Amino acid sequence: MPTTAVSTPLPSLGTDPFSAEVLENPLPFQERLREAGPIVHLSHYDILALARYESVHATLTDWQSFQSGAGVGMSNFRYEEPWRAPSLLLEADPPHHDAPRAVLSRILGPRALRRLRDAWFADAEALVDQVLADTEFDAVTTLAEAFPLRVFPDAVGLPREGRENLLPYGDHAFNAFGPSNELVAKGAPRVAELSAWVEAQCARERLATDGFGARIWEAADRGDITERQAPLIVRSLLTAGVDTTVHALAATLYAFATNPEQWRRLRERPELARVAFDEAVRWESPVQVFFRTATDDVEIAGTTVPSGTKILMFLGAANRDPRRWDAPDAFDLSRDPSAHVGFGMGLHQCVGQHVARLEAEALLTALARRVQHIELAGPTRRHLNNTLRAWASLPVRVHRA
Amino acid sequence: MSAADTAQAPAGPDTATAPQARVAAKRTMADGVVSLTLRRLGGGRLPDWTPGAHIDLVLPNGTTRQYSLCGDRWDPYSFRIGVLREPDGHGGSDFVHDELHEGDVVGIGGPRNNFPLVPADRYLFIAGGIGITPLLPMVAQAELLQVPWDLLYGGRSYSSMAFLDELRDYGDKVHVTPHDTHGPLDLDAWLPAHPGGTKVYCCGPGPLLDTVAHRCAGWPTGWLRTERFVARSTADGARDRGFRVELRRSGRTITVPADRSVLQVLGEAGVQVLSSCRQGLCGTCETAVLGGEPDHRDSLLDDDERAAGDCMFVCVSRSLSEHLILDL
Ligand code: FES
């Protein structure tokens, strides 16, 4: 692996951003990183870090200078063997990225989702009715996990059995973008079994004929992608489609439970549900970090970065950069959260963002109708992941309307 | 290129505006063919595109015409198009040839791609005349992917065939057939009875496309892909003046001046519309249209969806009618 010989001395921090302490609460570290400079050396891993909105946004959009094909985790595929076949979307660059992306963008685009809207709103109503039989419950398991698991696997066309594998598989995949620390080790024993299950679900014959999965295979029939690409594209849905949404919904519910005046606003104007969800994604950044790799000797903020250098982009830090956002630490529905980088930006921007927004809109709309007030009812617990900012437990108490 | 340069690319809420470009270069490529190099007004990245994509070019005389991108997508700062002078071009191509000069400002929409390059074991590219333009980035890409390919390029005469110098580097993969000296393209010799792993991309005048389509009639769908090169002019009379937008649900009307986007004006009026890319790429700002005729400038809608006129992306799209009604 090349060392990062950069042309000018950079500010350097020795903290391990993937240590349990930082993952538990990354905000103080991210602030130090942001204030240290536009580009910072992280000596613990000998990598470069970006934490300001402007440089993160610029790097995300400049796919020509900062590639994804060498992996969007710490591992550099130029020198290291990936733990599984690289994703055709997340871990690919143009021109290889073009066809899979075009196919999936269409299948998960807003107009394609219209046919799901009514059903998902009805599903959200039904789930909320059922959950509100109690006034105290854990918002992570009963809502944030339950709703995506209720609607998404059906939309993909997965069989019923084995769906419980989706969350641990996604959790491991997102841990694996970080260094090989204890979080990765903890997931390792089940990798073979979970991967085998996921891979089996990607086959055409496993997928219901009217779901996203079947549409991917239809694209292969038209020659828009190859038969070899189709299962890997289905795999992307299964890897990135559940955990991220679960944690984004949990972030939204936590935000409301701790900001009662914002809940009142949502109840007054339920059409703010979409804005509320994006504001929560900005505020908590369920996907905290991704890497890029310099394709060549490239310049960032006056520093020449040698080809092959891994660059860690702190999406969460950018989403709270005071240079870009007024009062960034406030969860505020009157703010315009547009252009946050919580879904990434540019060519690789989250292809499932419209799916996530629709799920959130359905769930928040149903909750806003039935819940007058939501508050924390006990100690909360974080779930640590190298990439994701997540909750293990959010005990809440609700007052029904 | 550096991240420092790209940092100037429009990103914030204040910078999103109707996409405009300056003609940075205009060159004669062949008899009756000029190329234009366009750069974003005020600098910064242009939207990403893939081979086969075209843009809408909104000319200062109000004509909107569509042209395939034929430059290098690894250069995010410029678009290149090739323009053939067409006798019946309704004022579009004549204007480009005679009245558009380096330094002039044009509007742009898209890019959109109805003719994407999909994976194959082998490509056969067939170009007729100016139909070469979308195929130029395709051959570059096939080369990059190390997929074997051939290009059949027919035209009236050598002197009318553009971009021959750029194609010379590809050696014997390029088969140039000027009609006046070599006769018509020998399609029978090149088109197999069954495509196997070969995908055929054909762009050019109607008769060429019809012949190729007829020849490949028994092929599975998706193995022959064509783009008809016609002087499409979908949005004559693009507005260079402002327009009014009625917000049906809130019962308000706002005025969008020529130099502001609908999204910007909505934001200033306190109407929250969620957006993200602000380039017509991501789909976040989709808004339902209840009346009036949108001037679509996004990269997302296909021709049918555009024609339906029931939704628009307010970060880039505008209005052809003086009055537009949105479901806001
Ligand atoms: S904000 Fe992305 S399409 Fe308008």
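**View 1. Buried residues and overall make-up of chain B.** In this predicted model, buried residues make up 57% of the 328 residues in chain B.

**View 2. The contact of chain B with chain A.** On one side of this contact stand 44 residues from chain B, and on the other 46 residues from chain A. Between them the two chains bury about 3,400 Å², of which 49% is on carbon and sulfur atoms. Nine salt bridges are found across the interface of chain B and chain A, and one of them joins the side chains of A:R111 and B:E305, with 3.2 Å from N to O. In chain B, the elements that give two or more residues to the side touching chain A are α1 (3-6), α3 (132-145) and β16 (311-313).

**View 3. The buried side of helix α2 in chain A.** Within helix α2 of chain A, which spans residues 27-36, the residues A:F29, A:Q30, A:L33 and A:R34 are buried. These residues lie on the same side of α2(A), because they cover an arc of only 135° around the axis. Among the elements of chain A that cover the buried residues of α2(A) are β1 (12-13), α1 (20-24), β3 (47-50) and α14 (315-318). Just after α2(A) comes A:G37, which takes a positive phi of about 160°.

Technical notes. Residues numbered from 1 in each chain as written. Chains lettered and ligands numbered in written order. Predicted model: local features only at pLDDT ≥ 70, side-chain atom pairs only at ≥ 80, totals over all residues. Heavy atoms only, no water. Buried < 20%, exposed > 50% of the residue type's maximum accessible area, 1.4 Å probe, protein only. Helix = DSSP H or I, 4+ residues; strand = E, 2+ residues; numbered from the N terminus. Arc of directions from axis to C-beta. Contact = heavy atoms within 4.5 Å. Buried area = accessible area lost by both parts, 1.4 Å probe. Salt bridge = Lys/Arg side-chain N within 4 Å of Asp/Glu carboxyl O.
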